[in-house]
Amino acid sequence: MKIHEYQAKEILRKHGVPTLAGHLASTPDEAERAARDLNQPVVVVKAQIHAGGRGKGGGVKLARNPEEARAIAARMLGMNLVTHQTGPQGQTVRKIYIEAGCDIAKEYYLGMLLDRSNSRIVTMASSEGGVEIETVAAETPEKILKVWADPAVGLQPYQARQLAFGLGMNRDVAGKFAKFASALYATYVDADASLAEINPLVVTKQGDVVALDAKINLDDNALFRHPDLAAYRDPEEETPAEREAHEVGINYVSLDGNIACMVNGAGLAMATMDIIKLHGGEPANFLDVGGGASEEQVTQAFRLLTRDPKVRAILVNIFGGIMKCDVIAGGIVAAASKLGLSVPLVVRLQGTNVDLGKTILSESGLRIIPADTMTEAAVRAVEAAGA
């Protein structure tokens, strides 16, 4: 689950991560009042949307007095902010964050995420603060330093100092950076985060280490342990389809392609999207109905897919383990009959009761394109979408 910058900083402050003072605002009056309360020579007006690259899109501005903060807020609130992460459609700015300015001496990058290849949380640091880490990785990968924390003991002080000295920090700043990194690691673990990213992390001219920006993604599967964090969900940042999917327990993310996917299991869904692209197609969505979807959820999934005007074909890729193939086949037939599909439907079933499932599909009277392998399914879906 994505959250806003101001929410991420609330979490960080609870764990002792240094941040700057700031206030949320949703009107120009609130923005002016927030700037006045901060009583700083310069404040920063930041658009709050679930996307990076806000500064380049005009979503981060400096204000040198409360009146200027009000004027910037009036222009920013309601604007359609387009960044490289929003896509060309952009996102509407409904909230802004008024934050104290600071004297920046140097900007860095610090991020943490799970490295599944070795079951460790990897901490990454770079001297290229303020630049998207993907760009740094592509153009200057040698500038990304990494350490891996043993989950039994966590990020150790010597590892954090190793990063600090690798970034060229002096001894005093390195000590503060090590405390900062340890607090960020505690935040990541305690909040069950899937990503914690500070970009930029700044060293001020006074020698302080501060999170100037913050991005935290939370693990949806762990939110039952954090009702306070689950309350951070902002439905207005989701598409109508994503909101509807959330309400019925379906994992759905809209994409830009024209081949809709319905899959059970996140890993299989990712593999399905990859193989579609491998054969020249573009997925229209990520949709995981889960391991025990009901007929109603399958019907709801089809409803979401068919509402997307970009969709030219639907690919259903199901591995029947807990979910039996005959049950999912019955759900597909019921949903397709009820909704009256007008686009080609490619179905690949494997697993428990697969023969019975295929029989149900073949005897349904519906125009279903069967496939036995993922490659065959992807090829047929790409051909159907092109036709």
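Leaving aside neighbours within four places in sequence, Thr272 is in contact with Cys261, Val263, Leu315, Asn317 and Met374. The model in which these contacts are found is a predicted one. Thr272 belongs to helix H9, which covers residues 266-278. Its relative accessibility is 1%, so Thr272 counts as buried, the limit being under 20%.

The side chain of Lys277 forms a salt bridge with that of Glu282, at 2.9 Å from N to O. Both partners are partly exposed: Glu282 has a relative accessible area of 39%, and Lys277 has one of 44%.

From here the sheet can be taken up. Four strands form an open sheet in the order E1-E6-E2-E3, and their pairing is antiparallel. Strand E1 (22-25) and strand E3 (60-63) are at the edges; each has a single partner strand, so one side of each has no neighbour in the sheet. On average, neighbouring strands are turned by 20° against each other, with direction ignored. Between E2 and E3, which run antiparallel, there are four bridges. Lys46 has Val60 in E3 as its bridge partner.

Two helices are in contact with these strands. H1 packs on the sheet and touches E1, E2 and strand E6 (96-100), with its direction at about 50° to that of E6. Helix H3 (residues 66-76) lies across E2, E3 and E6 and runs at about 160° to E3.

The side chains of Lys46 and Glu5 meet at 2.9 Å, N to O. Lys46 is in strand E2 (residues 43-47) and Glu5 is in helix H1 (residues 5-14), so this pair, 41 residues apart, links distant parts of the chain. Are the two partners buried or exposed? Lys46 counts as buried, at 6% relative accessibility, and Glu5 counts as buried as well, at 4%. The pair is part of a network of salt bridges that links Glu5, Lys9, Lys46, Arg54, Glu99 and Asp213.

Over the whole structure, a search finds 20 salt bridges. One of the others joins the side chains of Asp308 and Lys310, again at 2.9 Å from N to O. In this pair Asp308 counts as buried, at 11% relative accessibility, whereas Lys310 counts as partly exposed, at 31%.

Which residues have the most contacts inside the largest nonpolar core? They are Leu110, Met169, Phe177, Ile198 and Ile216, in a core of 43 residues. Helix H6 (residues 171-190) supplies the largest share of this core, ten residues. Phe177 shows how parts of the chain come together here: not counting residues up to four places away in sequence, Phe177 touches Leu110, Ala125, Ala160, Leu163, Ala164, Leu167, Met169, Leu201 and Val209. Two of these contacts, Leu110 and Met169, are themselves named among the residues with the most contacts inside the core.

Terms used:
Residues are numbered from 1 along each chain as its sequence is written. This is a predicted model: local features need pLDDT of at least 70, side-chain atom pairs count only at pLDDT 80 or more; totals for chains, interfaces and linings use all residues. Side-chain values use heavy atoms; hydrogens and water are left out. A salt bridge is a side-chain nitrogen of Lys or Arg within 4 Å of a carboxyl oxygen of Asp or Glu. Buried means under 20% relative accessible area, exposed over 50%, partly exposed in between (1.4 Å probe, protein chains only). A nonpolar core is a set of buried Ala, Val, Leu, Ile, Met, Phe, Trp, Tyr and Cys residues joined through side-chain atoms within 4.5 Å. Contact means heavy atoms within 4.5 Å. Two strands pair if DSSP finds at least two bridges between them. Axes are lines fitted to C-alpha atoms, for helices over the stretch in contact, and angles run from 0 to 180 degrees between N-to-C directions.
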